[in-house]
Amino acid sequence: MNIINLTAHTINVILEGKEIAYPSQGLARAKTEEKEVGKINDIPVVKTVYTTVEGLPDQQENTVYLVSTLVLQALKANGIDRTDCLAPNTGLSGAIRDDQGRIVGVRGFQTL
């Protein structure tokens, strides 16, 4: 399977002491708009709405694209079913952190 990283950072997958690096090969981004939904004490409250995804190539056979969780959420919010898109699993079970708490690798990928 061909794995293409479309996030801004190298993704390091660490499994059983083995590390596989997937350097960034482009950038898929979720575009957003803010819509005012109300006010509290005259302070505007906005809702962020995903509009489009840019930088995501068409589906290709035997290819998976690594994208950010925000891009996955934007695809889902717009009813776009891209089973070829996954995000690094940076959740509690997936993230590997250094002594400063920074993510240095993941144990796998996630889907929505």
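Which residues make up the largest nonpolar core? In this predicted model, where residues are numbered from 1 along each chain as its sequence is written, local features need pLDDT of at least 70, side-chain atom pairs count only at pLDDT 80 or more, and totals for chains, interfaces and linings use all residues. Side-chain values use heavy atoms, with hydrogens and water left out.

The largest nonpolar core has 11 residues in all: I4, L6, A28, L56, Y65, V67, V71, L72, L75, C85 and A87. A nonpolar core here is a set of buried Ala, Val, Leu, Ile, Met, Phe, Trp, Tyr and Cys residues joined through side-chain atoms within 4.5 Å; buried means under 20% relative accessible area, exposed over 50%, and partly exposed in between (1.4 Å probe, protein chains only). At least two residues of this core come from each of α1 (69-77) and β7 (85-88), and α1 gives the most, with 3 residues. Helices (H or I, at least four residues) and strands (E, at least two) are DSSP runs, numbered from the N terminus. Apart from this core lies another, of 7 residues, with V13, L66, L86 and V106 among them. As a friendly reminder, nonpolar side chains tend to be buried together in soluble globular proteins.

Attention now turns to single residues. D84 sits in the loop between α1 and β7. With a relative accessible area of 7%, D84 is buried. Its side chain makes a polar contact with the side chain of Q59 (3.3 Å); such a contact is a pair of N or O atoms within 3.5 Å, where, within protein, one must be able to donate a hydrogen and the other to accept it, and residues adjacent in sequence count only if both atoms are side-chain atoms. Not counting residues up to four places away in sequence, D84 touches Q59, T63, V64 and Y65, contact meaning heavy atoms within 4.5 Å.

I103 belongs to strand β9. I103 counts as partly exposed, at 39% relative accessibility. Leaving aside neighbours within four places in sequence, I103 is in contact with T90, A95, I96 and R97. I103 and N12 are 91 residues apart along the chain, and their C-alpha atoms are separated by 9.5 Å.
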